[in-house]
Amino acid sequence: MKSFFAWFGRHLPLWVVLLVLVLDQASKFWIKLTMRIGDEINVFSWFKIHFLENEGMAFGFSFGGEGGKLLLSLIRLAAIGLLIWYIIKSNRKKRTNTALIVSLSLILAGAIGNMIDSAFYGLIFSESYFHVAQLFPAEGYAPFLQGRVVDMLYFPLVHGFYPDWMPAVGGQEFLFFRPVFNIADSAITVGFVVFFISQRDFWFSSKKKQPERV
């Protein structure tokens, strides 16, 4: 049993990445093959499955134009390579910070998940406008690295209007939380939260004492 846990611990980053990728890609394939862009499923009043596609950034933000998408893909590939290198290096140490490894593995998995969409979805899917996408069509909707990221998780938790007395926004509609995102985005967010919490001693450590003057 000890040997199993030791083996599992050595491969923890791999399991984290695989779990996130399976959940992320399975949910995206299901959305692409059953819904059209704009379709929505009401799960609860505060949680909906709402199908959108974006140009590659997290939480529905875009990075305009083909040049912007290519630049974003190159940045993401560089970040993925750097994370893989650092995780492997850190995981080989005898005394490994598990929280750090898990947080970086979550960020890595999220980056890979969205990278798969951008790199390959335009090749293996047809458009999702007006009809459900087809898998492996004669011609995909975009070339390599020009695909769109699938989003579907929507949490309109609070809906209302700003009070009339508020400057600039008075009387306007208020909605929290507006962005539509996916499991990969969630993994990146959770990874960053775990990273900052697990490294709080580094971020919030007190200033080193200055050496006393003789």
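Reader: At what angle do helix 4 and helix 5 pack, and how far apart are their axes?

Author: In this predicted model, helix 4 (residues 98-124) and helix 5 (residues 183-198) pack at about 155 degrees, with their axes 7 Å apart. Axes here are lines fitted to C-alpha atoms, for helices over the stretch in contact, and angles run from 0 to 180 degrees between N-to-C directions. Local features need pLDDT of at least 70, side-chain atom pairs count only at pLDDT 80 or more, and totals for chains, interfaces and linings use all residues. Residues are numbered from 1 along each chain as its sequence is written, and side-chain values use heavy atoms, leaving out hydrogens and water.

Reader: What makes helix 4 roughly antiparallel to helix 5?

Author: Angles over 145 degrees count as roughly antiparallel, and this pair packs at about 155 degrees, so helix 4 is roughly antiparallel to helix 5.

Reader: Which residues of helix 4 and helix 5 meet?

Author: Contact means heavy atoms within 4.5 Å. Among the residues that meet are Leu100 and Ile107 in helix 4, and Ile188 and Phe195 in helix 5.

Reader: Why is one side of strand 1 and of strand 6 left without a neighbour in the sheet?

Author: The open sheet has four strands in the order 1-2-3-6, with antiparallel pairing. Strand 1 (40-44) and strand 6 (180-181) stand at the edges with a single partner strand each, so one side of each has no neighbour in the sheet.

Reader: How do you know that strand 3 and strand 6 pair?

Author: Pairing takes at least two bridges found by DSSP, and two bridges join strand 3 (residues 149-154) to strand 6, so they pair. Leu153 has Phe181 in strand 6 as its bridge partner.

Technical notes. Parallel < 35°, antiparallel > 145°, perpendicular 65-115°, else oblique.
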